[in-house]
Amino acid sequence: MLPQKPGPIGIFDSGYGGLTILKKIKEILPDYDYLYLGDNARTPYGTRSFEIVYKFTLQAVERLFQEGCHLVILACNTASAKALRSIQRHNLPSLDPDRRVLGVIHPTIENLDQITQSKHIGILATPGTVLSQSYPLEIAKLFPEIQVTSEACPMWVPLVEYREADKEGADYFVKQHINNILNQDWQIDTLILGCTHYPILLPKIKRYSPDYIQIISQGEYVANSLKDYLTRHPKMEAKCTKGGSCTYYTTECPEKFMESASLFLNEEIVVKPITLD
């Protein structure tokens, strides 16, 4: 039996990138309690099959529900692309039809028509997210007139997690993929960073992108969308506790998580180990 009393908002990611989402959410909604769960022991998800990503993500969602979360944000593009819809359709009705799981893709694109002038946009993402076609499919539903070009950037996450994002060696890989996507469609005027790690590379992405291109980093869009969601769903909002706290869980060594988390957060944190199965 899942706990029914109010609890924190759950934030899940396969690794550390979701911390960029959490940081923006906390800036815009500082009063709420949060529980961040990173499946760092099994990261990356980007190269895994749909079945495995779905299995791992469901395990994380179930654990966050057990920890008292009524609302869970999948702060991971791969999980949002490969697992969100299945969990919403097939698992929530039996787990608890009153709980909710939301992703990061729809909030990122819901105002896209107001951002792009050329109606040509590019997606920079992991191979798994690109292969899922989630961004083009969701954009086509909302804005069929927008042309979408995708570029898989397999080296970008390792660059961030191995603390190479600000090194000269990262320039080659960033420039390569920016050039690749613009060579595919020179009319692109908007680039979506379709991976939560990529904001760490933003200085280099801006350096190698033409000045006229707008770069969409997901954190602010997801945070504002969550704020709007809670306003429109007062019953769910009432189930989210407000103490301004944040608890961190990791499936990996807590010490390693704390060290790596310093890339994304400017604060001291306490991390608890957790097992998912």
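**Figure 1. The largest pocket of the predicted model.**

**Figure 2. Elements that line the largest pocket.** At least two lining residues come from each of helix H3 (77-82), helix H4 (84-95), strand E4 (100-102), helix H5 (105-109), helix H7 (134-142) and helix H11. The most is given by H11, which supplies six residues. By class, the lining of the largest pocket consists of 14 nonpolar, eight polar and seven charged residues.

**Figure 3. The second largest pocket.** A volume of about 470 Å³ belongs to the second largest pocket. Thr43, Pro44, Val157, Glu161 and His197 are the closest to its centre among the 28 residues of the lining. Helices H3, H6 (127-132), H8 (156-161) and H13 (254-261) each contribute at least two residues to this lining, and H8 gives the most, with three. The lining of the second largest pocket contains 11 nonpolar, 13 polar and four charged residues.

**Figure 4. Packing of helix H1 against helix H11.** Helix H1 (residues 18-28) packs on helix H11 (residues 218-232) at an angle of about 45°, and the two axes lie 8 Å apart. Because of this angle, H1 is oblique to H11. The crossing of H1 and H11 is right-handed. On H1, the contact is made by Thr20, Ile21, Lys24, Ile25 and Ile28; on H11, it is made by Gln218, Gly219, Glu220, Val222, Ala223, Asn224, Leu226 and Lys227. Six nonpolar, four polar and three charged residues make up this contact.

Conventions
Residues are numbered from 1 along each chain as its sequence is written. This is a predicted model: local features need pLDDT of at least 70, side-chain atom pairs count only at pLDDT 80 or more; totals for chains, interfaces and linings use all residues. Side-chain values use heavy atoms; hydrogens and water are left out. Axes are lines fitted to C-alpha atoms, for helices over the stretch in contact, and angles run from 0 to 180 degrees between N-to-C directions. Helices (H or I, at least four residues) and strands (E, at least two) are DSSP runs, numbered from the N terminus. Angles under 35 degrees count as roughly parallel, over 145 as roughly antiparallel, 65 to 115 as roughly perpendicular and the rest as oblique. A crossing is left-handed if the near helix is turned anticlockwise from the far one by less than a right angle, and right-handed if clockwise. Contact means heavy atoms within 4.5 Å. Ala, Val, Leu, Ile, Met, Phe, Trp, Tyr, Cys and Pro count as nonpolar, Asp, Glu, Lys and Arg as charged, and the others, Gly among them, as polar. On a 1 Å grid over the protein atoms alone, a cavity is a set of points where a 1.4 Å probe fits but cannot get out, and a pocket is an open set with protein on both sides within 12 Å along at least five of seven lines; lining residues have an atom within 4 Å of a point. Grid points are joined across faces, edges and corners, and a volume is the space filled by probe spheres set on the points.
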